[in-house]
Each structure stands twice: as structure tokens, then as C-alpha cells.
Amino acid sequence: MYTAIAVDGPAGAGKSTAAKRIAKALSYFYIDSGALFRAVTLKAIQRGIDMSDTLGIIHMMKDTVIDFKDEKVYLDGKDVSVEIRSNNVSANSSYPAMISEVRDVVADIQREISKTRNVVADGRDIGTTIFPDAKIKFFMIASVEERAKRRLLELNASGKNYELRDMIEQINKRDRIDSTRVVSPLKKADDAIEIDTDGKTIDDVVSEMLDYIDKRLNK
Ligand code: CDP
């Protein structure tokens, strides 16, 4: 039986940075579940499918293959790791994530990976739906201002020039859609440990999480 570590939380709470570092420290496989939803979103955008066209997105899933290889995300055989980080994909990613048929595909990919190795998975529903029996569950939070600032730094570092207030609005909207959807909403699992990352460095956060993991795994 392999170990799963769940890292959930809202947009920009620092999940992926922390989860990646933890996976590296423990030599676990890192599953970026958001990247899978982002790849679906990218394909829908490329095909000109409207985000409200649920049936169109479900139909599109029938000939869609998403895969992780060497820490990169492949969509139908093409590396899309950079494209899925665009602001357009971020802003739209919550829509395909509302569709249960899309979530089923994404869930299968994650559970298949976890059958053969230890994993650290980050997302919204890892501790509640994907790996409800995960031995260790974190729920990361931070104020919306801090999360928007972090996202802005990432985007603007790649030469873009987005406004803080637009980013706050986008993050609030995504959080609202993610928390209120019917299937697998963003929710802290009852047995998850809450990590508030406001005002903390990533090094502090990761060492707090690794300390906890160490205690739990060696109990
Ligand atoms: O990095 P960020 O937190 O901005 O987003 P992400 O983790 O890449 O996820 C992108 C979108 O996918 C989220 O806004 C959610 O709508 C969706 N998602 C989800 O519904 N469930 C997951 N386990 C992961 C992501």
C-alpha cells in the first residue's frame, strides 16, 4: 500500500510550491491535479468550445489524453506545461472543473498513478474525494490579497502587466465557483491540518509541513 499526501486549498495559497518541495524531499511523485483541469480548459479554448457548453466539453473528453511525464503535462501527446499557466486558462479553469465527467477522468488519472507509487497531490478535493484515506492531509489558506499578489508576481515576471484588483476579482470568482459547485467542492477535509501561509516564507511553510509529516509517518 502506497502513501498519499493531500495538499488542498484555494487558488494561490502556495499549494503547488509546497507540494513540489515536499515530494522532492520525500522522493514521492508529485501530482498537480490543477494542471489536469488546466489542460482540459486549454483544449476547450483551442477548440473554440464555450465554457458554458457542458455537452461540448464532455464530448471533447472522449478523444482527450492527458498525462504527466518528467514533471511535464502532456495534452494529446504535446507538452503544454507552459501554455496551461496563461491567465486566460487560469480565469476559465473553474468551468470544466464543475463537470462531473471531467472530474471522473481527472480522478482516474490520479488514482492510477497512486497505485504504483507514493504521491503528494495538490488540488481542491484530494483529501475529501480523490484520496479520502490519505494518511496526511493539509489545507493551505492565505488572505485573498496575499494570494493575488503572489499570482501577480508570477504572471508579471513573465512580462505581463496585470492589475492587483483584477487578480483579486479573478481569484474571488474562482474560489466562489470552486466552493459552491455540486461535485467535489473545495472544502477542508475534517481530518486535514490547516496551514495559514500569510506572512510566512515558503521555507517556513515547507519545514512546518515536513515536521508534521515526519511525526505522522514515524508514529
Ligand atoms: O494554481 P491555482 O491554485 O491557481 O489553480 P490550480 O490548482 O492549477 O487549479 C486550476 C483550477 O482547477 C481551479 O480553479 C479549480 O477550479 C480546478 N481544480 C479542481 O476543481 N480540483 C482540483 N483538485 C484541482 C483544481
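Q: What is the bridge partner of Ile66 in E4?
A: Ile66 is paired with Leu75. Bear in mind that this is a predicted model. The pair belongs to a set of 4 bridges that join E3 to strand E4, residues 72-75, with the two strands running antiparallel.

Q: Which strands are joined to E7, and how do they run?
A: Strand E1 (residues 4-8) is joined to E7 by 4 bridges and runs parallel to it. Strand E8 (residues 193-196) is also joined to E7 by 4 bridges, again in parallel.

Q: Why is Thr41 called buried rather than exposed?
A: Buried means under 20% relative accessible area. Thr41 comes in at 0%, so it counts as buried. Thr41 is found in helix H2, residues 33-46. Beyond its neighbours within four places in sequence, Thr41 is in contact with Met51, Val89, Asn92, Ser93 and Pro96.

Q: Is Asn87 buried or exposed, and what makes it so?
A: Its relative accessible area is 13%. The cut-off for buried is under 20%, so Asn87 is buried. Asn87 lies in helix H4, residues 87-92. Setting aside neighbours within four places in sequence, the contacts of Asn87 are Leu155, Tyr162, Met167 and Gln170. Ala18 is 69 residues from Asn87 in sequence and 21 Å from it in space, C-alpha to C-alpha.

Q: Why does Asp50 get the label partly exposed?
A: Partly exposed sits between the 20% cut-off for buried and the 50% cut-off for exposed. Asp50 has 47% relative accessibility, so it counts as partly exposed. You'll find Asp50 in the loop between H2 and helix H3 (54-61). From Asp50 to Glu154 it's 104 residues in sequence and 27 Å in space, C-alpha to C-alpha.

Q: How many helices and strands does the chain have, and why is it called as compact as a globular protein of that length?
A: The chain has 9 helices and 8 strands. Its radius of gyration is 17 Å, close to the 17 Å that the globule rule gives for 219 residues, so the chain is as compact as a globular protein of that length. The C-alpha atoms fill a box of roughly 50 × 40 × 30 Å along the principal axes.

Q: What percentage of the chain's residues are buried?
A: Buried residues make up 49% of the 219. The chain exposes about 11200 Å², with 51% supplied by carbon and sulfur atoms.

Q: How many positive and negative side chains are there, and how far apart are the centres of the two sets?
A: There are 35 positive and 36 negative side chains, and the two centres lie 1 Å apart.

Note on methods. Residues are numbered from 1 along each chain as its sequence is written. This is a predicted model: local features need pLDDT of at least 70, side-chain atom pairs count only at pLDDT 80 or more; totals for chains, interfaces and linings use all residues. Side-chain values use heavy atoms; hydrogens and water are left out. The radius of gyration is taken over C-alpha atoms; the globule rule is 2.2 Å times the number of residues to the power 0.38. Buried means under 20% relative accessible area, exposed over 50%, partly exposed in between (1.4 Å probe, protein chains only). Accessible areas come from the Shrake-Rupley method with a 1.4 Å probe; for residues, only the protein chains shown count as cover. Lys and Arg count as positive and Asp and Glu as negative; His and the chain ends are not counted. The place of a charge is taken as NZ of Lys, CZ of Arg, CG of Asp or CD of Glu. Two strands pair if DSSP finds at least two bridges between them. Contact means heavy atoms within 4.5 Å.
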